[in-house]
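Student: I would like to learn how to read aromatic packing and nonpolar cores. Can we work through a case?

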Amino acid sequence: MAATKRKRRGDLEVQAKKPKKNRKDAGQPAKQADVAKEAEEEKDRIPGPVCKGKWKNKERILIFSSRGINFRTRHLMQDLRMLMPHSKADTKMDRKDKLFVINEVCEMKNCNKCIYFENILIELINITGFHTLAELKMTGNCLKGSRPLLSFDPAFDDLPHYALLKEFLIQIFSTPRYHPKSQPFVDHVFTFTILDNRIWFRNFQIIEEDAALVEIGPRFVLNLIKIFQGSFGGPTLYENPHYQSPNMHRRVVRSITAAKYREKQQVKDVQKLRKKEPKTILPHDPTADVFVTPAEEKPIEVQWVKPEPKVDLKARKRRIYKRHRKLQQKMSRGGAK
């Protein structure tokens with residue numbers, strides 16, 4: 001029988017409470033046995049492609065632009081945000097602000113790196129030509145948020161400024177491992193190729209069957225301007241001698257078109273002067289008529305008789321139709337009477 005406890009002053013009997021057992025103490029040996037079994041199983045188990053890890057690389061990329069960019073630049077900015085899950089967005093910045101204001105914006109957004117579009121500018125790296133995903137319509141595809149492979153041209157290791165730029169691109173485009181917004185798959189590759197003193201970017205899908213590459217997009221070309229010691233400031237470490245500013249490029253194009261116009265005007269002036277000059281009459285060359293064969297002369301026929309007038313068939317048919325119509329009208333009147 002259960003133990004009972006008697007209350008004073010004639011109250012009812014109340015069942016005594018059982019002493020509580022410490023569950024932690026009771027379950028410790030069972031837990032230890034389970035942990036030992038799991039450890040033995042993990043030794044024989046092959047690790048899968050996805051494993052739990054800690055997010056240590058806290059790289060964050062801020063992607064935003066200034067006011068006044070066109071729609072193609074805005075679409076390229078959206079494509080880069082979609083390709084980089086570790087990126088952040090911000091509102092457009094006023095053009096009147098200086099570049100060092102970007103550092104304050106990055107601190108407010110807790111970002112380490114920045115991609116700033118100002119008339120297609122990425123921190124003193126000019127994008128000379130680009131095509132967005134919507135324009136290309138390639139057949140390749142990849143999972144959104146997946147981690148890419150980075151493939152660099154061997155020319156990046158030949159020159160020191162390209163080695164600095166390679167590290168800069170690695171820190172920007174490489175997705176940190178175990179990032180919360182990233183997927184634990186590698187199904188596409190970013191390629192950076194050096195050609196004509198420029199860096200050409202391409203994005204390819206990796207097909208599992210034969211490891212072939214199919215382009216996804218977008219495409220753009222990077223033209224290095226300067227490398228500073230600090231962020232948007234400081235002493236200049238390298239300046240590209242082959243770089244040509246957009247204003248200088250437009251000036252060269254205008255000068256080429258102006259030179260073509262001047263050349264056309266000079267040709268017209270020369271032609272006018274030649275027309276005004278007196279024409280020089282060359283003497284007759286007797287050898288010019290050596291191979292000329294005279295044509296046979298036809299006899300002239302004089303017509304003494306007046307030709308008969310031509311019969312107008314249309315007018316004749318019209319007269320016959322009128323006569324026939326008048327006869328029908330007379331016949332119809334006579335039948336009515």
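**Aromatic rings and the core**

Tutor: Phe152 is buried, at 18% relative accessible area. Buried means under 20%, exposed over 50% and partly exposed in between, with a 1.4 Å probe and protein chains only. This is a predicted model: local features need pLDDT of at least 70, side-chain atom pairs count only at pLDDT 80 or more, and totals for chains, interfaces and linings use all residues. Residues are numbered from 1 along each chain as its sequence is written, and side-chain values use heavy atoms, leaving out hydrogens and water.

Student: Is Phe156 buried or exposed?

Tutor: Phe156 counts as buried because its relative accessibility is 0%.

Student: What kind of aromatic pair do Phe152 and Phe156 form?

Tutor: Rings of Phe, Tyr and Trp (its six-membered ring) pair if their centres lie within 6.5 Å; planes under 30 degrees apart are stacked, over 60 edge-to-face, the rest tilted. Phe152 and Phe156 are edge-to-face, at 5.3 Å centre to centre and 80 degrees between the planes. Phe173 and Phe190 are also edge-to-face, at 6.1 Å and 80 degrees.

Student: Which residues have the most contacts inside the largest nonpolar core?

Tutor: A nonpolar core joins buried Ala, Val, Leu, Ile, Met, Phe, Trp, Tyr and Cys residues through side-chain atoms within 4.5 Å. Here the largest has 27 residues, and Phe156, Leu169, Phe173, Phe192, Ile199 and Phe220 have the most contacts inside it.

Student: Is Trp304 buried or exposed?

Tutor: Trp304 counts as exposed because its relative accessibility is 77%.
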